[in-house]
Amino acid sequence: MAKKERQKRAARQARAQVRAEREAERRSLSGGDDKPPKRAGASASAQSPKKADKVVKAPKKKGRIGSYLSEVRAEMHRVVWPSRPELKNYSVAVIAMLIVFGIVIWLVDTGFVAALVGFTGLRG
């Protein structure tokens, strides 16, 4: 267990170092400004009066099914769908292979039946 903890600690330290390097690079690109970046909604007094008057509603919690469906929808947007010509080619290939394998299975079945009839002399 100690090895696993050391690996986790080393990974955290590496991520922290990468973040520090990015922050230093960002500061050097922004002109050496040492102020920490402002966070959205850090203080209500800094907001304009119109924004302060608005009531922000918390997002509606989704149930397990709603969460699942939203994840499915997001995943479906990431799918790279085939174009119409590609779909036609794939369909023709699948139908051709079905015909070929159907003929092969029919031939093997016919061969087994012929072999059984030859050995047993039964017609069925």
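Modeller: A definition comes before the questions: a salt bridge is counted where a side-chain nitrogen of Lys or Arg lies within 4 Å of a carboxyl oxygen of Asp or Glu. The model is predicted, and the values below are computed from it.

Colleague: Which residues are linked in a network of salt bridges?

Modeller: Arg27 and Glu23 both belong to helix α1, where four residues, about one turn of the helix, separate them. Arg26 and Glu23 are three residues apart in helix α1 (residues 2–29), and therefore about one helical turn separates this pair as well. An α-helix has 3.6 residues a turn, so residues three or four places apart point the same way. The network of salt bridges links Glu23, Arg26 and Arg27.

Colleague: Arg26 counts as what in terms of accessibility, buried, partly exposed or exposed?

Modeller: The cut-offs are under 20% relative accessible area for buried and over 50% for exposed, with partly exposed in between. Glu23, at 26% relative accessibility, counts as partly exposed, and Arg27, with a relative accessible area of 31%, is likewise partly exposed. Because the relative accessibility of Arg26 is 34%, Arg26 counts as partly exposed.

Colleague: Is Arg78 buried or exposed?

Modeller: Arg78 and Glu75 both lie in helix α3 (residues 64–78), three residues apart, which corresponds to about one turn of the helix. Glu75 has 42% relative accessibility and counts as partly exposed. The relative accessible area of Arg78 is 59%, so Arg78 is exposed.

Colleague: What is the area of the nonpolar surface patch that includes Tyr68?

Modeller: Tyr68 is a residue of helix α3, and at 53% relative accessibility Tyr68 counts as exposed. The patch is made by Ile65, Tyr68, Leu69, Val72, Met76, Val79 and Trp81, and its area is about 730 Å².

Colleague: How many residues has helix α4, and what does it reach from its first C-alpha to its last?

Modeller: Helix α4 runs over residues 84–120, which gives 37 residues. At 1.5 Å a residue the expected span is 54 Å, and the computed reach is close to this, at 54 Å.

Colleague: Which residue takes a positive phi just after α4?

Modeller: The phi angle in question is about 80°, and the residue that takes it, just after α4, is Gly121.

Colleague: How far apart lie the end C-alpha atoms of residues 92–119?

Modeller: The unreviewed UniProt entry annotates residues 92–119 as a "transmembrane region". In the model this span is 100% helix and 0% strand, and its end C-alpha atoms are separated by 41 Å.

Colleague: Which helix has the lowest mean pLDDT among the elements of the protein chain?

Modeller: The protein chain comes to four helices and zero strands, and its mean pLDDT is 82, with 73% of its residues at 70 or more. Where pLDDT is low, the predicted coordinates should not be read in detail. Among the elements, α4 has the highest mean pLDDT, at 95, while the lowest, at 55, belongs to helix α2 (residues 49–53).

Key:
Residues numbered from 1 in each chain as written. Heavy atoms only, no water. UniProt positions renumbered as here; feature names shortened; annotations may be inferred. Helix = DSSP H or I, 4+ residues; strand = E, 2+ residues; numbered from the N terminus. Buried < 20%, exposed > 50% of the residue type's maximum accessible area, 1.4 Å probe, protein only. Patch = residues over 30% accessible without salt bridge, like charges linked within 9 Å, V, L, I, M, F, W, Y side chains within 5 Å. Areas by Shrake-Rupley, 256 points an atom, 1.4 Å probe, with all protein chains shown as cover. Expected span 1.5 Å × (residues − 1). pLDDT = per-residue confidence, 0-100.
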